[in-house]
Structure formats: C-alpha cells, structure tokens
Amino acid sequence: MNLKQIGKRIQKHREALGMKQEELAEYVNLSPNYMSAIERGAKIPRLETFIRIANALNVPSDLLLIDVLKAGNVIKSSELSEKISKLPSDEQQRIFHVIEVMIKDAEK
C-alpha cells in the first residue's frame, strides 16, 4: 500500500480547504504529531480515523485511496475525462491524439 501517496492526497485536500494540519488534527481528535505522520505516510490510521479525516475534508474515501483501490484507474479516468471536457476543443483533440498514440504503443 502506498501510504505516502495517501498522505500526500490528504495533505493536498487539507491545503485546498485552507486548513492547517493542526486544525485538521483537532477536528478529527488526533495529535498534530500523529496527523503529520499520516500525511508523511509514516503511519496508517485506523478505519474509523480515516473516515473522520475523509469527512472532515469533505472528500470521498475512494479519492484518497485512488492508488490502492483496484477501481483506482476507473476513478482516475473519470477525473481526467472531467478535466479534459473543460478544455477548449483543440486542446481536447491534442490530448486524445497523444492518448491514442500511447495506447497503440502499449498494445504492441
């Protein structure tokens, strides 16, 4: 399990909310040191704690676990699709072309 990636994702969502690490720790009833260890990937929280963190950040748990879930690629694909759909048409076509070339290469 890639704990560092999970921790980085927690940190990214916390920072996006403008929340300090200490604030998140207090909100989910953890010590700041333990929260820091989770974000560094040094510790893995219990399920109950992980759920409190996800709820505090207002993000689905699968988004935090995207690298360790088998469905992670489906989630990534959906996220990328959403981002691409917001781009201008010519940029979308450029990205699709690159992806198609990469798929052809991977099929060899």
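The exercises below concern a predicted model of a protein, each followed by a worked solution.

**Exercise 1. Overall build**

Find how many helices and strands the protein has, and compare its radius of gyration with that of a compact globule of 108 residues.

Solution. 
- Step 1: Count the elements. The protein has seven helices and zero strands, and from the N terminus on they run α-α-α-α-α-α-α.
- Step 2: Look at the extent. The C-alpha trace spans about 50 × 30 × 20 Å along its principal axes.
- Step 3: For a compact globule of 108 residues the value would be near 13 Å, but the protein has 17 Å.
- Step 4: Turn to burial and surface. Of the 108 residues, 31% count as buried. The accessible surface comes to about 7800 Å², and 53% of this belongs to carbon and sulfur atoms.
- Step 5: Consider the contacts between residues at least 6 apart in sequence. Among these, 48% join residues at least 24 apart.

**Exercise 2. The faces of helix α4**

Determine which residues of helix α4 are buried and where they lie around the helix axis.

Solution. 
- Step 1: List the buried residues. In α4, which covers residues 47-57, these are Thr49, Phe50, Ile53, Ala54, Ala56 and Leu57.
- Step 2: Look down the axis of α4. The buried residues fall within an arc of 165 degrees, so they line one face of the helix.
- Step 3: Check the other side of α4. Leu47 and Asn55 are exposed there.
- Step 4: Find the partners. The buried residues of α4 pack against α1, α2 (21-27), α3 (32-40) and α5 (61-64).

**Exercise 3. Packing of α1 and α3**

Describe how α1 and α3 pack, and sort the residues of their contact by class.

Solution. 
- Step 1: Two packed helices are described by the angle between their axes and the distance between the axes.
- Step 2: Give the values. For α1 and α3 the angle is about 115 degrees, and the axes are 6 Å apart.
- Step 3: Name the residues. From α1, the contact is made by Leu3, Lys4, Gly7, Lys8, Ile10, Gln11 and Arg14; from α3, by Met35, Ile38, Glu39 and Arg40.
- Step 4: Sort by class. The contact has four nonpolar, two polar and five charged residues.

**Exercise 4. Arg14 and Ser36**

Decide whether Arg14 is buried or exposed, and do likewise for Ser36.

Solution. 
- Step 1: Apply the cut-off. Buried means under 20% relative accessible area. Arg14 has 6%, so Arg14 is buried.
- Step 2: List the contacts of Arg14. Leaving aside neighbours within four places in sequence, Arg14 is in contact with Met19, Lys20, Gln21, Leu24, Glu39 and Leu57.
- Step 3: Treat Ser36, in helix α3. With a relative accessible area of 19%, Ser36 is buried.
- Step 4: Relate Ser36 to Glu22. They are 14 residues apart along the chain, and their C-alpha atoms are separated by 8.7 Å.

**Exercise 5. Positive phi**

State where Asn29 and Asn58 are found, and give the phi of Asn29 and of Asn58.

Solution. 
- Step 1: Most residues other than glycine have a negative phi.
- Step 2: Examine Asn29. This residue is found in the loop between α2 and α3, and its phi is positive, near 65 degrees.
- Step 3: Examine Asn58. This residue follows α4 and is in the loop between α4 and α5; its phi is positive, about 60 degrees.
- Step 4: Check accessibility. Exposed means over 50%. Asn29, at 67%, counts as exposed, and Asn58 is exposed at 70%.

Conventions: Residues numbered from 1 in each chain as written. Predicted model: local features only at pLDDT ≥ 70, side-chain atom pairs only at ≥ 80, totals over all residues. Heavy atoms only, no water. Buried < 20%, exposed > 50% of the residue type's maximum accessible area, 1.4 Å probe, protein only. Contact = heavy atoms within 4.5 Å. Helix = DSSP H or I, 4+ residues; strand = E, 2+ residues; numbered from the N terminus. Arc of directions from axis to C-beta. Axes fitted to C-alpha atoms, helices over the stretch in contact; angles between N-to-C directions. Nonpolar A, V, L, I, M, F, W, Y, C, P; charged D, E, K, R; others polar. Rg over C-alpha atoms; globule rule 2.2 N^0.38 Å. Areas by Shrake-Rupley, 256 points an atom, 1.4 Å probe, with all protein chains shown as cover.
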